[in-house]
Amino acid sequence: MEFIKMQGTGNDYVYIDCFINQVTNAEELSIKMSHRHFGIGSDGLILIKPYPGADGEMEMYNPDGSRSEMCGNGLRCVAKFIHDHYARGKGELKLMTGAGWRSAKIFCNSKGEAENIKLNMGEPIFSGPKIPCSILSDEVFNQEIQIEGELYKFSSVSMGNPHCVIFVDDVAKFPVEKIGPQIEHHSLFPKRVNVEFVQIISPSEVIQRTWERGAGETWACGTGASAVAVVGKRLGLTAEKLLIHLTGGDLLLEYQGSGAVFMTGNAVEVFRGTWPSA
């Protein structure tokens, strides 16, 4: 079975073109393919599928085999693949995800290939039960969570998947690999949670590290960057346009304080290969 390795801002996934392939064991396949030593190595597996009334669908699996609803970096790569192979020259794509409909505006290079993608990431969800978070309020902002005797102030939103945003003084020195998994599995979050640790440089610029549920620390997280833009704007800490520096590169986020979040970033095909079917 043929696969494609792609990355958006260093958030790398294995992709399978399900317009021409049929995958019946995606959970098991994601575990094997994603392994950094015994497989291809990736942040998960994404199936690119046909969908009625859409240009295509993204079906996403984490490295531990669990499903994920949405990934902005992954969806940019899906948009690039569909544009370059099935919708060449089309300026905007309509895509289905586990979090619902999303649109992708395509910016091409001189060869006519999709290079940068502007995604409509949808509107954030603030309600505690819908994030989901066990704090039963209309908004989950400036709450406290205790990890190993220390209190951390956090805010939580959903961008189709749950996020917990924590602002820190020095994100490079923060023990993400220690604190991240404890928050991911905390009882406050019944479906686990992605955790963003953020250092503010200025109202228009921040640095972000992300601990993703089912994946560990990743080099980038598009829905996480969207959550950071939403929380920062709603708390009065960041501006409507926000440049976010992630380990794998930069993303530009736009959020006016209400409505949808827009994210612009790259999408790169790294290599192709064949995975044994047995």
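**Salt bridges around Asp12**

Modeller: Asp12 and Lys5 form a salt bridge, with their closest N and O atoms 3.3 Å apart. The model is a predicted one. Both partners are buried: Asp12 has a relative accessible area of 9%, and Lys5 has a relative accessibility of 8%. Each value falls in the buried class because that class means under 20% relative accessible area.

Asp12 also meets Arg36 in a salt bridge, at 2.9 Å from N to O. Since Asp12 lies in strand β2 and Arg36 in the loop between α1 and β3, this pair ties together parts that are 24 residues apart in sequence. Lys5, Asp12, Arg36 and Asp43 are linked in a network of salt bridges.

Lys32 is partly exposed at 44% relative accessibility, and Glu28 is partly exposed at 41%.

The buried residues of α1 are Ala26, Leu29, Ser30, Met33 and Ser34. They lie on the same side of the helix, because they cover an arc of only 110° around the axis. Among the elements that cover these buried residues are β1 (2-8), β2 (11-17), β3 (45-49) and β4 (56-61).

For the model as a whole, the count comes to 16 salt bridges.

Conventions
Residues are numbered from 1 along each chain as its sequence is written. This is a predicted model: local features need pLDDT of at least 70, side-chain atom pairs count only at pLDDT 80 or more; totals for chains, interfaces and linings use all residues. Side-chain values use heavy atoms; hydrogens and water are left out. Buried means under 20% relative accessible area, exposed over 50%, partly exposed in between (1.4 Å probe, protein chains only). Helices (H or I, at least four residues) and strands (E, at least two) are DSSP runs, numbered from the N terminus. The arc is that of the directions from the helix axis to the C-beta atoms. Contact means heavy atoms within 4.5 Å. A salt bridge is a side-chain nitrogen of Lys or Arg within 4 Å of a carboxyl oxygen of Asp or Glu.
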